[in-house]
Amino acid sequence: MQNGPKFRMTRQRQVILEALQRYNTHPSADEVYEMVRAELPRISLGTVYRNLEILTELGEIQTLTLSGSMKRFDGNPKKHYHIRCTRCDQVDDAPIAPLNRLEDDLYGATVYTIIGHRLEFLGLCPECTKIVKEETDHIPEIAGEHI
Ligand SMILES: [Zn+2]
Ligand SMILES: [Zn+2]
């Protein structure tokens, strides 16, 4: 940790933030690096990563740690849920309001002080749904073959 104005909005940080706000794909650090390289040809992956951490500390973005997935970054800092394709790992926003009532329901029912919750939906994206459906359609009839 260095002293000084570490929370200053540098140009690098601004470019990274704008890239995340423009694409709602919840990219990994590597993907963010690829996204900003055209505009910041001299930036390193390490610097991208550090800037993503600072932007998260600043509350400008969110760092997502989804199950079975690498760290991803979200240009929308507001609380919202995600849906993840279990086949290709694509992540999208789940169009549902945060269920704050869940925490109220737990209040008094546990000795824990509840500070939040995480909820992740799992599914198949439209592409994968199509592929899986085609695969299943082509499975030959095996019923009764192995008794
Ligand atoms: Zn998929
Ligand atoms: Zn999101």
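Read along the sequence, the protein chain runs α-α-α-β-β-β-β-α-β-α, a secondary structure that comes to 5 helices and 5 strands. The model is a predicted one, and of the 147 residues in the protein chain 16% count as buried. Among the contacts with a separation of 6 or more, 49% are between residues 24 or more positions apart.

**Helix α2 and its buried face**

- Helix α2 spans residues 29-36, and its buried residues are Ala 29, Val 32, Tyr 33, Met 35 and Val 36.
- Because these buried residues fall within an arc of 160° when seen down the axis of α2, they line one face of the helix.

**The largest nonpolar core**

- The largest nonpolar core has 14 residues, of which Ile 16, Ala 19, Leu 20, Val 32, Val 36, Val 48 and Leu 52 touch the most other members.
- Two or more residues of this core are given by each of the elements α1, α2 and α3, and the largest share, 5 residues, comes from α2.
- Ala 19, when residues up to four places away in sequence are not counted, touches Val 32, Met 35 and Val 36.

**Packing of α1 with α2**

- The axes of α1 and α2 come within 10 Å and cross at roughly 105°; because angles of 65 to 115 degrees count as roughly perpendicular, the two helices α1 and α2 are described as roughly perpendicular to each other.
- From α1 the contact takes in Val 15, Ile 16, Ala 19 and Leu 20, while α2 contributes Val 32, Met 35 and Val 36.

**Packing of α2 with α3**

- The axes of α2 and α3 come within 9 Å, with a crossing angle of roughly 110°, and α2 and α3 are therefore roughly perpendicular to each other.
- This contact is made by Ala 29, Val 32, Tyr 33 and Val 36 on the α2 side and by Leu 45, Val 48, Tyr 49 and Leu 52 on the α3 side.
- The residues in the contact of α2 with α3 divide into 8 nonpolar, no polar and no charged.

**Loop residues with positive phi**

- His 26, which lies in the loop between α1 and α2, has a phi near 55°, a positive value in a residue other than glycine.
- His 26 has 23 C-beta neighbours inside 10 Å and therefore counts as buried, since the cut-off for a buried residue is 20 or more other C-beta atoms within that distance.
- Asp 89 is found in the loop between β3 (82-85) and β4 (91-93), and although Asp 89 is not a glycine, its phi is positive, at about 70°.
- With 16 other C-beta atoms within 10 Å, Asp 89 is partly exposed, whereas His 26 counts as buried.

Methods. Residues are numbered from 1 along each chain as its sequence is written. Chains are lettered from A and ligands numbered from 1 in the order in which they are written. This is a predicted model: local features need pLDDT of at least 70, side-chain atom pairs count only at pLDDT 80 or more; totals for chains, interfaces and linings use all residues. A residue is buried if 20 or more other C-beta atoms lie within 10 Å of its own, exposed if 12 or fewer, and partly exposed in between; C-beta atoms are placed from the backbone. Helices (H or I, at least four residues) and strands (E, at least two) are DSSP runs, numbered from the N terminus. The arc is that of the directions from the helix axis to the C-beta atoms. A nonpolar core is a set of buried Ala, Val, Leu, Ile, Met, Phe, Trp, Tyr and Cys residues joined through C-beta atoms within 7 Å. Two residues are in contact if their C-beta atoms, placed from the backbone, lie within 7 Å. Axes are lines fitted to C-alpha atoms, for helices over the stretch in contact, and angles run from 0 to 180 degrees between N-to-C directions. Angles under 35 degrees count as roughly parallel, over 145 as roughly antiparallel, 65 to 115 as roughly perpendicular and the rest as oblique. Ala, Val, Leu, Ile, Met, Phe, Trp, Tyr, Cys and Pro count as nonpolar, Asp, Glu, Lys and Arg as charged, and the others, Gly among them, as polar.
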